[in-house]
Amino acid sequence: MAGSSALARKAVLGAVWTIATGLGSRVLGLIGTLVLTRFIAPDVYGEVSAASVVIMTAHFMSSLGTGQFIASRPNLDRQMVFNATVYFHVAGLVAIAAVYLLREPIAVHLVGAPGMLQFMPGLILAMFIDRIWYVPDRLLIREMRFRSVSLRNAAGELTYTAASVSLAMLGWGGNAIVVATLLRAVVRVVTTVPAVKLSEWLTPSPLSGEKARELFAFGIPLNFGSLANFGASKWDNLVMIRLFGEQVGGLYNLAWNLADIPASQVGERIGDVLVPSFAKLEPEQRKAALVRALTLLALLIFPLAVGLGAVAPTILNDTFFNEAWEPAGPLLAVLSALGVTRPIGWVLSSYMQVYGRTRTIMVLEWLKVAAIVGSIALLGTIGGVLWACAGVGVAFGVHALASLWVVKRADGVPYMRLLRPLVRPLLACLPLVVAVLAVRYGMRSLHGLPRGCRLGAEVVVGGLAFVASALVIARQASRDFLQLAREAVRRRR
């Protein structure tokens, strides 16, 4: 029991470190994006984003589930790690070659954005460099060295932000993003690879058919699930460009990136911490840890997602964005709903992954992709861009409910035990919305304020309103979170 308590404490502290550094670098990245959009037009932004999505799709298709396999298996021998590394890099080289050779038909005929062709070679090179970093990073996660992983990833994101903004200001246009992506990959490699002994993953060993079957049996179904998870967050960009053109695609991509911050920087970081943590707990302890993780998730993400939707109009009108980007405001307000539902499915996926239910995860993820792509195509054709955005949030909600059903059926965890931690934090967000709208109404007659003042006032007042309401409405969850935070501070000392 003492050992499981220590592991749980280490997992929680790891989550705190991962979330804190991820949010810090993401905030700076968000500021960088605000500045970046003043120098890059929406249509160019859409073309670069489309090129990035295509290349990252090739990366996920060729990952073979290697990262998840290594992170969730603490007792792998060096021969197995070496075998997995070899297969990962061979598959990557094949994927890189295929994308490069087929880049023109993909850009012109599939996506309908020929302008993305000029950005693809540099992004392909960045993918090649980034894959060198991947296996050592998973080994650090397996050893629960979350602080080390977080700091190194933050260094890469900071490099990307600084480089992209600087080069855009110098007039590099879309190529500023390409070069910044290359530099981020290089920083990841030079900071992460030396942190892991080469003998841990590059000790030459015979390639074993038995070990290949073990890797592929676990990894390939999970890899298809990861590909679907990526597709659910990125392939909609390609559909939007196909339906509405590069300019609308750029506006949608910016709105999505902003709306996705709570899910990607908090929810997925919790998922990264939970995979190795769940693996080291007994089955009954995993159920309790799942409920606690959902509680922490709701208390952290719901106010971020709901608050983001509430302040969306002010973000686009009162910050660094120029007039070309203002139409993204309504899209952001609608898309922010996905921040409430998407991370729930991610945490439940981490839980199922430890039990080896990779095929179930794969089915759930591909159903989500079908729901997103189908809803965008259907609702976008019927009602336009905003209806297409609404379909995204609905699809993520359906996926979360389906994941809850699977966990209930497989492990007998009652629905209400999983849903109850989510209700009170969500109710505590209502005063946040009221406070934001009150500030906006009260400041509407004030003119000549510096940029950011209105947004700052809405964020501060809304945040204070949530904290006060959470301490009353979600009292137990708030106390638990504060206790964990105090423990994290004492641990640092």
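**Helices and their contacts**

Modeller: Asn 83 sits in helix α4, which covers residues 78-101. Keep in mind that this is a predicted model.

Colleague: Is Asn 83 buried or exposed?

Modeller: Asn 83 is buried, because its relative accessible area is 0% and the cut-off for buried is under 20%.

Colleague: Which residues is Asn 83 in contact with, leaving aside neighbours within four places in sequence?

Modeller: With those left out, Asn 83 is in contact with Ser 205, Pro 206, Leu 207, Ser 208 and Lys 211.

Colleague: And Val 108, where is that?

Modeller: Val 108 is in helix α5, residues 103-111. Its relative accessible area is 33%, so Val 108 counts as partly exposed.

Colleague: Let's move to the whole protein. How many helices and strands are there?

Modeller: There are 21 helices and 0 strands.

Colleague: What share of the residues is buried?

Modeller: Of the 493 residues, 56% are buried. The protein exposes about 20900 Å², and 66% of that comes from carbon and sulfur atoms.

Colleague: What about contacts between residues at least 6 apart in sequence?

Modeller: Of those contacts, 85% join residues at least 24 apart.

Colleague: Now helix packing. At what angle do α6 and α8 pack?

Modeller: Helix α6 (residues 120-142) and helix α8 (residues 175-192) pack at about 25 degrees, and their axes are 8 Å apart. Angles under 35 degrees count as roughly parallel, so α6 and α8 are roughly parallel to each other. Their crossing is left-handed.

Colleague: Which residues make that contact?

Modeller: From α6 they include Leu 123, Ile 129 and Trp 133, and from α8 they include Val 178, Leu 182 and Val 189. By class, the contact has 13 nonpolar, 3 polar and 3 charged residues.

Colleague: How do α15 and α16 cross?

Modeller: The axes of α15 (residues 338-354) and α16 (residues 358-383) cross at roughly 155 degrees and come within 8 Å. The cut-off for roughly antiparallel is over 145 degrees, so α15 is roughly antiparallel to α16.

Colleague: Which residues meet there?

Modeller: Ser 349, Met 352 and Gln 353 of α15 meet Thr 360, Ile 361 and Leu 364 of α16. This contact of α15 with α16 has 3 nonpolar, 3 polar and no charged residues.

Notes. Residues numbered from 1 in each chain as written. Predicted model: local features only at pLDDT ≥ 70, side-chain atom pairs only at ≥ 80, totals over all residues. Heavy atoms only, no water. Helix = DSSP H or I, 4+ residues; strand = E, 2+ residues; numbered from the N terminus. Buried < 20%, exposed > 50% of the residue type's maximum accessible area, 1.4 Å probe, protein only. Contact = heavy atoms within 4.5 Å. Areas by Shrake-Rupley, 256 points an atom, 1.4 Å probe, with all protein chains shown as cover. Axes fitted to C-alpha atoms, helices over the stretch in contact; angles between N-to-C directions. Parallel < 35°, antiparallel > 145°, perpendicular 65-115°, else oblique. Left-handed = near helix turned anticlockwise from the far one by under 90°. Nonpolar A, V, L, I, M, F, W, Y, C, P; charged D, E, K, R; others polar.
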